[in-house]
Amino acid sequence: MFQLTRSVTWQALKGLQAKTADDRISDYFAADPQRFEKMSLRVGGLFLDYSKHQISDAVLDKLIELADHSALVQRRAQMFSGDIINVTEDRPVLHTALRNLGEGPLMVDGQDVMPEIQRTREQIRQFSEAVRSGEWTGFSGERIRDVVNIGIGGSDLGPNMACRALLKQRHPELNFHFVSNVDGAHIQKVLSRLDPATTLFIVSTKTFSTQETLLNAKTARRWFVERAGPDADVGAHFIAASTNRKAAMEFGIREENVFEFWAWVGGRYSMWSSIGLPIALAIGFEGFMAMLEGAYAMDQHFLTAPTAANMPVLMALIGIWYINFQGAETQAIVPYDQALHQLPAFLQQLDMESNGKSVDIFGRPVDYTTGPIVWGQTGSNGQHAFFQLLHQGTRYVPIDFIASLKPEAGMEDHHFALLTNMLAQANAFMEGSAKGGELDPYSCPGNRPSSTLLLDELTPKNLGALIALYEHKVFVQGVIWNINSFDQWGVQLGKRIAGEISERLDAHSQDFDASTQGLLRLVRAQLPTRDLPSAPPTSRGNKRRKA
């Protein structure tokens, strides 16, 4: 039985870590003037500089060997061809099919899924064009002016991030709002400034059973009926993106306004499906397709580029070096572009929900660290918040700096200052403030690693490529760690217990621990009546398939 930590390559990397522990990144540059050229790579409109890492040539060679000796080639082929690689849920993983622009079929269980995907794309095109043109009107005959996406997790973070990132391309007469938190203050704040006659709600939920989303959707529908009147056409204002057409129709959504996607689309990978409908409404269907084109181009690079020149693979291997051999517990994402301020939150879910696992695909406990804690915010704000700890603290935190090169017209001075701040920080993290090799107690020691990712311009196509890049990076790490990056049993556990607590609020609370019982008494004391919504069925995720 193969054991990762006992492999020859893994042991060699451990030896190299001890051998290079005192190496300084700046010395690598002094020894090799061509290091930047050797350790940078362009794919389409994305440029990656990975030269500012504490990675010698020997370490990089062994990391590449680690990938080559893993199941990467096989698992990658299986993912793109529709084989079952989500082994605990017995599903293929085909978010890549959603942006597939090739001509050939893609067979899943003997059926070509591409015609279904293309039909849904056409449905998105027709609907988005009707809303954007004003052809689609509400019950009063007025055009839609506000779009509210109600979802949580992958049904919120992806489209929310993309719509904010591409704000400059947004339709000038449409405003977009995203409601995810079950805290009533969230939806109340959004609804308080809307007109029901000109508002469209998108209920985004894979199974149409997510408690937070359904509660917010019911609140929105109640608000709509109360203000528009009982005779107002609810169907003109509510649509759904869901795999559960029947439940959506029972909610009151017209069958033709249920935008389908499929069980083989994971929530955090779903923005390429009908969950991305808000993106198509915001930037137009052509812009949405440009995002898919960028992601497809990254897919093709990931499939065909050799390991040593494969951008997602290299990023994954760099992460493994720090997580497994340097003791780094976290990964910072710092976009130097205000439009990308939601990107750290999106990547946080992508990475931590995918690779936050402690057993391998066979259900055996692993004896090595897996996914890091992913966090961050935009620069230059981060410089005045957490950079102090990164420069002089005791934590070892690799950083991904991300920026777009093209400035907005009239903002060239601002953009130049933004980018020079980013370059200065990357340099400072590497060099530190030592002079003549001497460190006083208040100097910054330097030798802190970072990558720099530059987009030629923040366009839909380049954003699509950027997201696909991180998706594949996470996948590669999961393959090397031999874990399933596509289930989320921890999420399902919290949902199940929340349902049980809701169902037993008045009785049987003694089934819970003493702390939970005591807290439930405090909750009950604030409820004059038992008027909480019942929890949806929680059977999904309870049955596991053994690999």
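In β8, H177 is the bridge partner of V148. Five bridges join β7 to β8, and the two strands run parallel; strands are said to pair if DSSP finds at least two bridges between them. Helices (H or I, at least four residues) and strands (E, at least two) are DSSP runs, numbered from the N terminus. The model is predicted, so local features need pLDDT of at least 70 and side-chain atom pairs count only at pLDDT 80 or more, whereas totals for chains, interfaces and linings use all residues. Residues are numbered from 1 along each chain as its sequence is written, and side-chain values use heavy atoms, with hydrogens and water left out.

Strands β7 and β8 belong to an open sheet of five strands with the order β8-β7-β9-β10-β11 and parallel pairing. The edge strands are β8 (175–179) and β11 (258–260), each of which pairs on one side only. From one strand to the next the twist averages 20°; axes are lines fitted to C-alpha atoms, for helices over the stretch in contact, and angles run from 0 to 180 degrees between N-to-C directions. Four of the five residues of β8 are buried, so this strand is largely enclosed by the rest of the structure. Buried here means under 20% relative accessible area, exposed over 50%, and partly exposed in between (1.4 Å probe, protein chains only).

Helix α8 (residues 154–165) touches β7 (146–150), β8 and β9, and its direction makes about 150° with that of β8. Helix α7 lies across β9, β10 and β11, running at about 145° to β11; contact means heavy atoms within 4.5 Å. The axes of α7 (residues 114–133) and α13 (residues 285–304) come within 9 Å and cross at roughly 145°. In this contact R121, I124, R125 and S128 of α7 meet F285, F288, M289 and L292 of α13. The residues involved divide into five nonpolar, one polar and two charged, where Ala, Val, Leu, Ile, Met, Phe, Trp, Tyr, Cys and Pro count as nonpolar, Asp, Glu, Lys and Arg as charged, and the others, Gly among them, as polar.

A second open sheet is formed by six strands in the order β1-β2-β15-β14-β12-β13, with mixed pairing. Strands β1 (40–43) and β13 (373–375) stand at the edges with a single partner strand each, so one side of each is left without a neighbour in the sheet. The twist averages 15° from one strand to the next. Strand β14 (residues 399–404) pairs in the parallel sense with β12 (residues 330–335) over four bridges and with β15, also in the parallel sense, over six bridges. Opposite D400 in β14 stands I333, and opposite F401 in β14 stands V334; F401 also stands opposite T452 in β15.

Six of the six residues of β14 are buried. In a regular strand the side chains alternate between the two faces of the sheet. Both faces of β14 are covered, with I399, F401 and A403 buried on one side and D400, I402 and S404 buried on the other. Helix α18 (residues 460–481) lies across β2 (46–49), β12, β14 and β15 (450–455), running at about 150° to β15.

Aromatic rings were examined next. Rings of Phe, Tyr and Trp (its six-membered ring) pair if their centres lie within 6.5 Å; planes under 30 degrees apart count as stacked, over 60 as edge-to-face and the rest as tilted. By this rule the count comes to 24 aromatic pairs. One of them, F208 with F251, is edge-to-face, at 5.8 Å centre to centre with 65° between the planes. This pair links distant parts of the chain, 43 residues apart: F208 lies in the loop between β9 (199–204) and α10 (211–228), and F251 in helix α11 (residues 245–251). Both F208 and F251 are buried. One aromatic cluster is formed by F139, F201, F208, W223, F224, F238 and F251.

Charged groups also sit over aromatic rings, a term applied if NZ of Lys or CZ of Arg is within 6 Å of the ring centre and within 35 degrees of the ring normal. The charged end of R35 sits over the ring of F29, 5.5 Å from its centre. The charged end of R99 sits over the ring of W272, 4.7 Å from its centre.
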